[in-house]
Amino acid sequence: MDADDILSYPGQPEEKENPQQSTSQTQVLTNYSKLTLKVKHIHVYRVEIINLDASTSTAIHTTADQESDQSPPIIPIREVQEQPIRCAVFQKAQQSSPELQKLVFDEKNYAYSGKNAHKKWKDLEGQQYTLEIPYATKDFACTFQLLVRHQRSYDVDTLEKYCRGETELKANSGYIQGMMFALDTVLRLGARVFTDVDGRNVDPAMKINTVCGFDILWAYRFTTKAGRNALYVNVSAKSVPITNQPNLLLLSKALLKTKRDIADEVQSASSAVPVSAWASKVGPILADLAVQIPGSSDEHRVKAVTTRSAQEQAGPEGDDDCSIVQHYKRRFGLHTTDPQAPCAQLADDTLVPLEHCVLSRPQYLRLFRGPAHDHLMLRSAIKPAARMALLQHAIDMLVKAESRELATIGMQINQKLETLPAQVLSPPKILGKDRKPLEIQKHQYWSYTVDSKIENGKQLVSWAVVVFASKETVPLNQISTFISQLVKTSQDTGLDVRNTQPPIQYAAATSDIKRTLEDACSAASKQAKASAQLLVCVLPSSSSALYGEIKRVALTVVGVQTQCVRSHNARGAHRTKLLSMIALKINVKLGGASLSLSPKDRPCMDIPTMVVSADVSHNTEARNMSVAAIVSSVDLQACRFQGTVMQHPQRLEYIENYDAIIRQCLRAFYAATRQKPQRIMYYRDGVNDSQMDAVKRLELQAIYKGCSLIEPGYRPKVTMVIARKRHSTRFVLQQQSADEMQNCVAGTVVKDAITSPSIYSFFAASHSSIHGVTKAPYYLVMHDDSSFDPQELRQLTYNLSFTYPIAMRTATMPASLYYAHRLSGAGRLQLSRPFNELPRFRSPEKAAEEKEKAGSKNRKKKKRQAEPEVHLVPVHKNIEGTMYFM
């Protein structure tokens with residue numbers, strides 16, 4: 001295939017009438033408003049601010065930790081980089097120069113204008129404007145030189161032609177991206193009609209009060225989007241926790257509340273929390289907060305929380321004969337009401353009792369977790385109609401403010417949110433045991449009963465239960481009850497459980513995992529006279545280290561399928577849905593299938609078709625690599641899949657050595673079906689605009705090369721679709737057909753207006769959310785050898801979301817994409833090193849010991865370079881080709 005063919009993108013195809021396709025038409029309300037540009041060009045200017053009084057070229061480095069009694073700082077630099085100074089100098093220049101009043105400064109290095117501000121400039125052939133500005137504060141006085149240089153102009157007519165599809169430009173072209181970035185920047189600056197809290201645009205009038213030490217506010221974000229035939233402004237709202245306490249002690253006590261404390265609305269945590277636990281529970285939340293401390297008028301940043309109380313901490317140097325509590329009493333006359341609380345460790349390592357760290361302004365809380373986070377999610381999960389009203393309120397405020405920034409660039413925003421046409425696809429017919437159709441409710445729900453069981457239930461003969469807790473914590477009778485109910489639910493679902501009383505063993509969470517799992521396998525084999533098929537592991541908590549090590553040993557060392565269950569689920573009332581989900585997961589891991597699509601509900605799969613999906617995960621516990629996960633179907637119904645995991649250099653988005661992986665996928669498909677696929681449906685997850693060209697070019701070429709490695713001249717038809725969920729587009733149904741939450745019903749498709757004008761794309765909601773507003777994945781068809789009918793491709797994408805085997809409702813995307821996502825997570829557990837020795841889980845003492853043993857940084861660097869950057873991550877031969885990642 002030519003390079004031009006690979007880099008070309010299919011445009012929006014013509015819709016054809018198809019009487020066999022059953023769809024209904026509807027209207028959806030979106031979070032978009034139309035945008036009109038009243039200017040012909042958008043001009044970009046480079047801004048430089050130079051200190052004429054400087055004698056060196058050293059950069060400015062001012063900190064918030066300077067003591068008030070220090071001498072005023074001297075600015076010794078040539079080019080000023082400090083943002084507050086740049087803003088103040090440019091603002092003063094605008095007041096004294098009419099030429100600069102046409103510009104919108106981005107507070108960094110650029111300015112924008114819808115008018116030709118440089119037309120009358122004389123310096124450097126009319127491309128530069130120079131002005132000297134005297135500027136003084138209480139700390140310093142300097143003369144600055146402002147240089148504004150014209151850098152580039154964008155033609156608005158070219159952007160409008162792009163929206164109408166009349167140019168060859170694509171969404172990822174530098175010209176379109178540069179123009180959209182300029183519009184986004186001006187829109188962000190124009191949104192200052194809202195209150196700024198740590199860089200977030202919030203409206204205090206919409207505040208939600210809580211008893212957890214924070215208020216919930218809505219942070220609004222405005223972005224521009226080039227749609228089909230028009231420009232749009234997208235408005236989104238995110239709930240953010242903003243502090244409402246006067247000091248860190250009261251904030252910490254509020255964050256430490258239990259669920260019962262929150263429900264009872266008590267003022268502070270009712271149960272005592274050990275001081276050593278404060279560092280892990282509230283330390284990450286308080287980190288980087290700005291506080292004021294005694295003896296200083298500046299703000300200081302919190303670095304951490306101590307593991308000892310203020311009463312136990314020694315005072316600073318020169319006053320170390322007393323505690324921190326006594327030190328603050330002597331020097332500042334401050335009484336510490338709670339000396340048993342820990343101290344805050346500031347950025348300069350100063351220790352201050354939490355109650356003396358004053359929060360002088362509201363601030364955003366990061367790294368949220370625990371009951372307080374659950375309360376945040378519960379209170380901010382508003383109904384779709386309420387969220388759309390919130391977004392309409394934000395648009396009203398922005399339009400009525402008539403900001404100077406928007407007027408300068410000629411931006412006019414329609415005050416009404418857009419209503420767009422949409423269609424609702426009909427659900428497919430899904431088949432269970434003996435090809436009996438399962439009843440689908442509300443386009444997305446079904447259930448398994450005694451009369452309608454799963455399609456292919458496997459036999460479970462040899463298995464065992466391992467409880468990683470003491471018998472006092474998780475009694476044997478509770479585990480026996482849980483297992484008996486799990487067996488009954490599994491049999492009702494269709495899983496053939498022959499051994500209803502598996503051996504139960506107890507082990508400490510700190511025990512040798514390998515020996516524990518091997519002992520359990522031996523017990524299962526001895527009882528059933530067959531090799532162990534499954535181990536059910538009951539875990540005492542949600543510890544990632546214990547779970548990860550169990551999975552790593554089971555997948556790579558012992559070679560047995562595992563199913564982990566939290567101990568509170570085994571102890572408590574056994575919910576039927578939970579037991580059903582566990583039964584479905586066990587069946588899939590053993591090689592069974594929950595359901596399949598009827599042949600007529602597999603459009604685009606009329607010939608042998610292999611479905612392939614891939615995902616690259618960058619957030620790994622090892623912190624020095626990315627994980628690429630590829631899954632491919634091994635049957636003609638696209639129900640059974642096998643997976644491959646590859647270790648990548650960090651942040652590499654495209655998949656290396658993809659041709660070898662595709663060859664392996666093709667061999668697995670042929671081994672299972674005795675047919676070579678004539679078509680490959682490739683769904684790719686998570687690729688942004690800047691990476692689309694590279695991912696498409698390299699991975700598509702690798703797919704074709706992998707096919708040729710099977711047989712010279714073998715070239716199946718390939719269709720490549722990218723799926724995105726990281727976007728801020730939302731839909732709400734306008735008609736009576738909306739469900740009880742007024743969400744879009746499953747199968748709602750939007751293919752006009754706000755989709756890409758240059759690439760065939762569509763939004764398809766495969767499910768209706770339980771909480772909040774449904775987020776429909778955005779699909780971009782990057783390549784299509786088969787020239788599918790667009791309606792059939794959308795229907796196939798929706799129908800494949802029904803084949804997710806461990807749930808009794810549709811997935812948000814085709815099931816294969818979920819498999820790839822799960823496998824990328826499981827791939828992080830297939831490492832050769834013990835999971836609890838990875839950087840994320842090492843203790844500081846262990847990390848220091850390893851650093852000392854490793855030697856110098858150069859030796860460690862050579863060691864890392866010697867390791868292969870790209871290689872397959874193996875699994876045990878006993879579970880190769882299975883869906884162990886479920």
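**Basis of the entries.** I am working from a predicted model, in which local features need pLDDT of at least 70 and side-chain atom pairs count only at pLDDT 80 or more, while totals for chains, interfaces and linings use all residues. Residues are numbered from 1 along each chain as its sequence is written, and side-chain values use heavy atoms, with hydrogens and water left out.

**Entry on His876.** I placed His876 in the segment that follows strand E36 (871-872); helices (H or I, at least four residues) and strands (E, at least two) are DSSP runs numbered from the N terminus. His876 counts as buried because its relative accessibility is 17%, the cut-offs being under 20% relative accessible area for buried, over 50% for exposed and partly exposed in between, with a 1.4 Å probe and protein chains only. Leaving aside residues up to four places away in sequence, I found that His876 touches Leu555, Thr556, Val557, Val558 and Gly559, contact meaning heavy atoms within 4.5 Å. His876 and Val558 are 318 residues apart in sequence, yet their C-alpha atoms are 7.3 Å apart in space.

**Entry on strand E28.** I then turned to E28 (residues 626-633), where 8 of the 8 residues are buried, so the strand is largely enclosed by the rest of the structure. In a regular strand the side chains alternate between the two faces of the sheet. On one side of E28 I noted Ser626, Ala628, Ile630 and Ser632, and on the other Val627, Ala629, Val631 and Ser633, all of them buried. E28 pairs with strand E27 (residues 609-617) in the antiparallel sense over 6 bridges, two strands being paired if DSSP finds at least two bridges between them, and Val612 stands opposite Ser632. E28 is also joined to strand E29 (residues 641-648) by 8 bridges, again antiparallel, with Ile630 opposite Thr644.

**Entry on the parallel sheet.** Last, I looked at an open sheet of 4 strands in the order E23-E21-E24-E25, with parallel pairing. Strand E23 (504-506) and strand E25 (561-566) stand at its edges with a single partner strand each, so one side of each is left without a neighbour in the sheet.
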